[in-house]
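Colleague: I've got a model open on my screen and I'd like to learn how to read it. Could you walk me through it, feature by feature?

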Amino acid sequence: MTMDEMSKLFTLENIGKSNAKFDRQKLLSFNTTGCASASQVRLTGAMRQYLEVNPVSTLNNATDAQLGEIIAMKPGFRTFREIDEASRFMLLKDAEIVHAPDAVEKVLKKNNNEGVMSLMELKPLLEALAEWTHDSIESAVKAYCDSKQLGLGKVAQPIRVAVSGGTISPPIFHALAFIGKDATLARITRCLSTV
């Protein structure tokens with residue numbers, strides 16, 4: 001309801017006698033619904049307001065167009081903090097990526113360095129891509145998965161750890177397209193040299 005509709009429908013007779021209850025989950029649900037129906041311009045402006053009180057976020061360095069792209073990568077988000085925490089890595093310098101030790105152990109080194117091997121084999125395939133788009137990256141990675149008879153998760157997670165430092169990010173092919181070919185390859189190379 002709009003504020004006008006709520007004010008017209010409000011009456012003292014309809015106020016319940018029990019104490020008011022604050023339901024954070026319901027509030028987050030309302031926020032998710034509201035954000036899903038908001039325009040891109042409104043969301044970008046609201047994200048800027050969030051960033052004003054979070055000056056340490058690297059997303060402060062994003063243009064409005066980049067912020068719009070980042071927001072669009074996470075449909076169904078509940079709070080701007082979720083977007084910020086999952087996306088900060090995309091605007092870091094390649095050398096500033098810190099690989100979480102638990103992510104390295106769980107994703108890259110598990111099963112006799114299975115994740116490391118995937119990265120080593122994928123790197124030249126990604127280098128050979130003439131076009132660096134979501135679709136071309138996804139096609140190359142899926143072709144690799146098919147050739148090795150691996151599920152996408154077994155390959156996407158090592159890439160995610162290499163480029164973001166952790167196991168949470170926006171959809172990986174969108175993220176790789178956003179950060180660019182040079183940064184993606186530099187981060188994979190650096191990850192392989194440090195694990």
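Colleague: Let's take helix 8. How many residues does helix 8 have, and how far does it reach from its first C-alpha to its last?

Modeller: Helices here are DSSP runs of H or I with at least four residues, numbered from the N terminus. The expected span is 1.5 Å times one less than the number of residues. Helix 8 has 13 residues and reaches 17 Å from first to last C-alpha, close to the 18 Å expected. Just after helix 8, Gly-165 takes a positive phi of about 95 degrees. Keep in mind that this is a predicted model, where local features need pLDDT of at least 70 and side-chain atom pairs count only at pLDDT 80 or more, while totals for chains, interfaces and linings use all residues. Residues are numbered from 1 along each chain as its sequence is written, and side-chain values use heavy atoms, with hydrogens and water left out.

Colleague: Which residues in helix 8 are buried?

Modeller: Buried means under 20% relative accessible area, exposed means over 50%, and partly exposed is in between (1.4 Å probe, protein chains only). In helix 8, the buried ones include Val-155, Ile-159 and Arg-160. The buried residues of helix 8 pack against helix 6, helix 7, helix 9 and helix 10.

Colleague: Now the nonpolar core. Which residues touch the most other members of the largest one?

Modeller: The general idea is that in soluble globular proteins, nonpolar side chains tend to be buried together. A nonpolar core is a set of buried Ala, Val, Leu, Ile, Met, Phe, Trp, Tyr and Cys residues joined through side-chain atoms within 4.5 Å. The largest core has 49 residues, and Met-47 and Val-141 touch the most other members. Its largest share, eight residues, comes from helix 6. As for Val-141, its contacts (heavy atoms within 4.5 Å) beyond neighbours within four places in sequence are Leu-122, Leu-126, Leu-152, Val-155, Ile-159 and Phe-173.

Colleague: And Ser-87, is that buried or exposed?

Modeller: Ser-87 sits in helix 5 and is buried, at a relative accessible area of 1%. Leaving aside neighbours within four places in sequence, Ser-87 is in contact with Leu-59, Ile-70 and Pro-170.

Colleague: On to charges. How many salt bridges does a search of the whole structure find?

Modeller: Side chains of opposite charge can pair when their charged atoms come close. We call it a salt bridge when a side-chain nitrogen of Lys or Arg is within 4 Å of a carboxyl oxygen of Asp or Glu. The search finds eleven. One of them joins Arg-81 and Glu-85, with the closest N and O atoms 2.8 Å apart. Arg-81 and Glu-85 are four residues apart in helix 5, so about one helical turn separates them. Arg-81 is exposed, at 53% relative accessibility.

Colleague: What about Arg-187 and Asp-94?

Modeller: Their side chains form a salt bridge too, at 2.9 Å from N to O. Arg-187 lies in helix 10 and Asp-94 in the loop between helix 5 and helix 6, so the pair ties together parts 93 residues apart in sequence. Arg-187 is buried at 2% relative accessibility, while Asp-94 is partly exposed, with a relative accessible area of 25%.

Colleague: Last one: which residues form a nonpolar patch on the surface?

Modeller: Met-1, Met-3, Met-6 and Leu-9 do, with about 500 Å² of accessible area together. Patches take residues with over 30% relative accessible area and no salt bridge, joining like charges within 9 Å and nonpolar side chains (Val, Leu, Ile, Met, Phe, Trp, Tyr) within 5 Å. The areas come from the Shrake-Rupley method with a 1.4 Å probe; for residues, only the protein chains shown count as cover. Met-3, in helix 1, is exposed, with a relative accessible area of 65%.

Note on methods:
Helices (H or I, at least four residues) and strands (E, at least two) are DSSP runs, numbered from the N terminus.
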